[in-house]
Amino acid sequence: MEPDKTTEEKTHNSMRIETAELVNGDVERADQVDEPSPPCHTDRTAPESHAEDEDGEKTAEVVQKSEDESSEQKETNEQKLFKIASELLHTEKAYVARLNLLDQVFCARMMEEANKGTFPVDVVKNIFSNITSIHAFHSQFLLPALEKRMGEWASTQRLGDILQKLTPFLKMYAEYVKNFDKAMELLKQWTDRSPPFKAIIQEIQSQEMCGSLTLQHHMLEPVQRVPRYEMLLKDYLKKLPQDDPDRTDAEKSLEIIATAATHSNSAIRKSENLKKLMEIYEMLGEEEDIVNPSNEFIKEGHILKLAARNTSAMERYLFLFNNMLLYCVPKFSLGGPKYTVRTRIGIDGMKVLETSNEDYPHTFQVSGKERTLELQASSEQDKASWIKAFRETIEIFQQKNESFKNALKDVEEVSKAELGKRAPRWIRDNEVTMCMKCKEPFNAITRRRHHCRACGFVVCWKCSDNKVQLEYDNNKVNKVCRDCYCILTGEGVTEGKRKGILEIDAAQITDSSIMCGFLQHTEKGKLWQKVWCVIPEKECLVLYLYGAPQDVKALCTIPLLGYTVEDNPRHADVSASFRLSQSKSVHNFAAETEELKQRWLKVIRVAVRGEMPAPPETSDGGTLENSNTQEADCDDT
């Protein structure tokens, strides 16, 4: 048995040498350590008289093999623990570099420009929230502590004690995560509004340190970091022996980190969706305005489009979202898949039908207000998958739309019958761009959105600067709008002045319009602004411009009679543009696509002659209401 004992000692010595060298990063030398000597095999040709000796030697072999396997298992766990700790340090270094980019590059550069008066300082502060504090915490405390511990890992193989002391600071992520949606909205709003703001961001994004990623991509990192800690700690505890001294601290750390991670869960789902939107945005050549928290990605994939004028089928690509379908054409690119949007079709009013075609199997039809498409899937299963996705998306959209309409009705009912006695349903912030009482436009700094606790309207601070007890809230004092205050206190409502020409609800005339939809608009050298345009049936010679589809007051109106229509005006810096001019009044518009522009022009050219434009027609000769196109498309595109 003496040789077996020697072999066992050699095995343990070899394991200790290899582990120490792996900790020090000397992988080559670890590979050069001799393998443990294999156990001695018995001679199968030995006489039967030696059976007892053979049995004894076999027993020794089993014991030795078991000890060797145990040693190998211990070695594997130690290596895995070291690997997890190394991954934590490696990802922390990369994360601190990303935080430095956000804090010391993007934020610092934009604050420097804001201090010059180029754009408001508060806008920059609201976008980057407490990123400076998060950066300081990780760069000055957590990262140095991890680096020090990894330097002494051979003697102190622990992580839990470090993380337990520092994890309470992770609660600061709640503020960042809570502000994330608002930050994304502000970033998009000011990128569209301020050319200097946009130029600074693009300049930094073009630098090598950004790794060809956008600011939005980098801002997702803090949202995703805390769950990353939780995942690594869970993995660490799985590999950690039950009697290890670090287990208690590691478990306490995990409990604190898991609590902090709950603040990020919903934001992570949103961030994953935003990340996907950013990927699609880049695939579309950064030309489509789709990066918005309200847009939810559903499905994408290759499809064939059946042409109406011949029997050919053309390759196309679809991106389906919760509120629209992007119908795209693939284009050649060396840097990954790229597409050009041919048509954007809204989910509102969309229908999907199975079709039968003798020459082309697996076909179905998507019919929207903007266009009707005859499509061919790659298989019956693919066809069923697309139809299911479309129908579920349409159903959810209709349910939400109906809920919103009911909410508006409820608000009206509450305001007249049970004001203060029943909790109202609130109008959503993103459905209005101006105070629903004084009609003044909202902004992120001086005129922010507030809700009247009595009627649920979105109002500015001036119009909600009244407080009254509400019965439904146990008679607690709540902020209400001035009209509700007058009713609830019995002071009476001030006789309302006669509505001006602009004070017409967008939703009211959209429901019975010849055309409606979003266009970009500018006049008198102002910045381009996205506006909701409506040509109502009752005033078919007037174009109304709103900030959003639910606004209660138009930004302006354009009486179309007598205006000159200019298609693709010279010196236009945007595509799919047109101009309406009369004397000194000049309005420039831009549509999302050339096709959509032509549909608007078809209606406007009739109106400027003083004639009544016809409602949009469908492919079967019927009419479409609330359409932002003039007729169904049946060309070969």
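**View 1. The surroundings of Leu326 in the predicted model.** Leaving aside neighbours within four places in sequence, Leu326 is in contact (heavy atoms within 4.5 Å) with Leu284, Ile290, Tyr317, Leu318, Phe319, Phe321, Val341, Thr343 and Arg344. The model is predicted, with local features requiring pLDDT of at least 70 and side-chain atom pairs counting only at pLDDT 80 or more, whereas totals for chains, interfaces and linings use all residues. Residues are numbered from 1 along each chain as its sequence is written, and side-chain values use heavy atoms, with hydrogens and water left out.

**View 2. The nonpolar cores.** A nonpolar core is here a set of buried Ala, Val, Leu, Ile, Met, Phe, Trp, Tyr and Cys residues joined through side-chain atoms within 4.5 Å, where buried means under 20% relative accessible area, exposed over 50% and partly exposed in between, with a 1.4 Å probe and protein chains only. The largest such core has 81 residues, and those with the most contacts inside it are Phe128, Phe197, Met219, Leu284, Phe319 and Leu326. Helix 3 (residues 51-114) gives the most to this core, with 17 residues; helices (H or I, at least four residues) and strands (E, at least two) are DSSP runs, numbered from the N terminus. A second, separate core of 24 residues includes Leu519, Leu543, Cys556 and Val608. In soluble globular proteins, nonpolar side chains tend to be buried together. Of the 637 residues of the chain, 44% count as buried.

**View 3. Thr393 in helix 13.** Thr393 has its place in helix 13 (residues 380-416), and Thr393 counts as buried because its relative accessibility is 6%. Not counting residues up to four places away in sequence, Thr393 touches Ile298, Leu320, Phe321, Asn322 and Ile347. The C-alpha atoms of Thr393 and Phe321 are separated by 8.0 Å, although these residues lie 72 residues apart along the chain.

**View 4. The crossing of helix 7 and helix 10.** The axes of helix 7 (residues 173-193) and helix 10 (residues 221-239) come within 9 Å and cross at roughly 135 degrees, the axes being lines fitted to C-alpha atoms, for helices over the stretch in contact, with angles running from 0 to 180 degrees between N-to-C directions. Helix 7 is therefore oblique to helix 10, given that angles under 35 degrees count as roughly parallel, over 145 as roughly antiparallel, 65 to 115 as roughly perpendicular and the rest as oblique. Tyr173, Tyr176, Val177 and Phe180 of helix 7 make the contact with Pro222, Val223, Arg225 and Val226 of helix 10.

View 5. Strand 5 (residues 351-354) and strand 6 (residues 363-367) run antiparallel and are joined by four bridges, two strands being paired if DSSP finds at least two bridges between them. Within this pairing, Leu353 stands opposite Gln365 in strand 6. Strand 6 also pairs with strand 7 (residues 372-376) in the antiparallel sense, over five bridges, and Thr363 stands opposite Gln376 in strand 7. The hairpin joining strand 6 to strand 7 passes through four residues.

View 6. Strand 17 (residues 577-582) and strand 18 (residues 585-590) run antiparallel, joined by six bridges, with Ser577 opposite Ala590 in strand 18.
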